[in-house]
Amino acid sequence: MASSLISRQFALSLQKRLWLSAPACRYVSKAAPKTQVEFDYDGPSMKTSVPGPRSQALTKQLGDIQNVGAVNFFCNYEESRGNYLVDVDSNRMLDIYTQISSIPIGYNHPALLKLMANPNNLSTLVNRPALGILPPENFPDKLTESLLSVAPSGMTRVQTMACGSCSNENAYKAMFIWYRNKERGHNTPSEEDLSTCMINQAPGCPDLSILSFMGGFHGRTMGCLATTHSKAIHKLDVPSFDWPIAPFPRLQYPLEEFTRENAQEEARCLEEVEDLIVKWRQKGKPVAGIVIEPIQAEGGDNHASPDFFRSLRNVACKHGCAFHVDEVQTGGGSTGKFWAHEHWGLDNPADIVSFSKKLLTGGYYHKNELQADKAYRIFNTWMGDPSKNLLLAEVLNVIRRENLLEEVTRSGKALLNGLYELQTQYPGILSRARGQGTFCAIDICDDATRNSILLKARDKGVLLGGCGDRSIRFRPALVFKEYHVHIFLNIFSDVLALHK
């Protein structure tokens, strides 16, 4: 174990060797002020191509049971540490995708292993309750210690769920219930409401809608799918709702160089949002809520300015729509703030903020008025998992103790600056480098080249993810240091040189 742990001296000597041995065309890493993650490995180590023989055999075995079309390779999670994921063929890869942005403080963090080894926590792991009807004694305290300790501005209530899709699905239901009670002027349904809902008819099942944005991704369940517009494969052959879809701003980068053009584009999109709200009201399908991501992740890491989001929030207020910020992928610190929408400086907080991924559990925060008015209206068997709240509380302790949000800001600056340099060096391949914190992306000249780069980087020991039509997205853990940035940049530069 000790031989695999990284030391400061080794890290600095490795940096020096990389510097001295680098060819002239290669991105050369700079010395990083902090180079140590105590439970990390010293770098990638590749034994086979990926997927290796053992992964291929397991894929074939699983293929007799499930669809394995999306399986990349099989993992050895026991041997994975920190920023490194190890596969079953003993390939060790620097993971900058982290289970689709879902690993907050790296693999096998000692603080989490210690927490799980505590015999006092065994009951939480062994006995999973139906939280809506039989919560454990410590559940209020654990919620206060974990989720409520990082509640977004203006939020004092949280509804736990199991995943991102069910978080958004139930958030939509909460918005519909709120809107319908507002229309009635009370929360007592009529006999007609009760009878017609049982046969999927109005007024019990009202013709209300949720406005979403082209390029957005909010989940793959039925309601969420109606607001997901990132890839056709997500939606193909599945019936959907007639809900309005607004254009999301298509900005030019770097943002500071195109402020006038980007402001015009955002104004165009905001005008279209208002037109759609009016149009759907005239169609008899009023917009009960607006849902948006702070950065459209799955759809291509598309950004908009704080002014755009503040104006959108005002549009929601003007038209009586709930304002739902989907922070499933952006929440948890990767933008340098715990919630990405904190960068907007909203005077009037959102009505609903949904989360999952780095928060380890799912759910949504909401204002008091969006509290479900009766039991069982927002409900399922598990409604989350107390063991994940236990883990999250310790994750938050680590984030605070190690000042990881500051670390993210430093690493993100190094990552983005490195991408800018490589973009200048390879203008025929790279463009539109962008990001906030370590939540970064860059465009590749075409989809085929993007996919080739992803595979070649993996074979050299770096795991990356794609998004949108031709983007690569970066989603490292919060323990991703400047040292790891430079390991990545050197490998990425070697991969790009093969495509020059």
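Predicted model: local features only at pLDDT ≥ 70, side-chain atom pairs only at ≥ 80, totals over all residues.
Colleague: Is Lys367 buried or exposed?

Modeller: A residue counts as buried under 20% relative accessible area. Lys367 has a relative accessible area of 13% and is therefore buried.

Colleague: Which residue has its backbone oxygen 3.1 Å from a polar atom of the Lys367 side chain?

Modeller: Lys367 touches several residues beyond four places away in sequence, including Gly154, Met155, Arg313 and Asp351. The backbone oxygen that lies 3.1 Å from a polar atom of the lysine side chain belongs to Pro349.

Colleague: With which side chain does the side chain of Lys481 make a polar contact?

Modeller: Lys481 is found in the loop between strand 14 (471-474) and helix 16 (482-499). With a relative accessible area of 9%, Lys481 is buried. At 3.3 Å, its side chain makes a polar contact with the side chain of Glu407.

Colleague: How are helix 11 and helix 12 oriented to each other?

Modeller: Helix 11 (residues 259-282) and helix 12 (residues 306-318) pack with their axes 11 Å apart, at an angle of about 15°. Angles under 35 degrees count as roughly parallel. The two helices are therefore roughly parallel to each other.

Colleague: How many nonpolar residues does the contact of helix 11 with helix 12 have?

Modeller: On the helix 11 side, the residues in contact include Leu270, Val273 and Ile277, and they meet a set in helix 12 that includes Phe308, Leu312 and Val315. By class, the contact has 3 charged residues, 1 polar and, as asked, nonpolar residues numbering 7.

Technical notes:
Residues numbered from 1 in each chain as written. Heavy atoms only, no water. Axes fitted to C-alpha atoms, helices over the stretch in contact; angles between N-to-C directions. Helix = DSSP H or I, 4+ residues; strand = E, 2+ residues; numbered from the N terminus. Parallel < 35°, antiparallel > 145°, perpendicular 65-115°, else oblique. Contact = heavy atoms within 4.5 Å. Nonpolar A, V, L, I, M, F, W, Y, C, P; charged D, E, K, R; others polar. Buried < 20%, exposed > 50% of the residue type's maximum accessible area, 1.4 Å probe, protein only. Polar contact = N/O pair within 3.5 Å; in protein donor to acceptor, adjacent residues only side chain to side chain.
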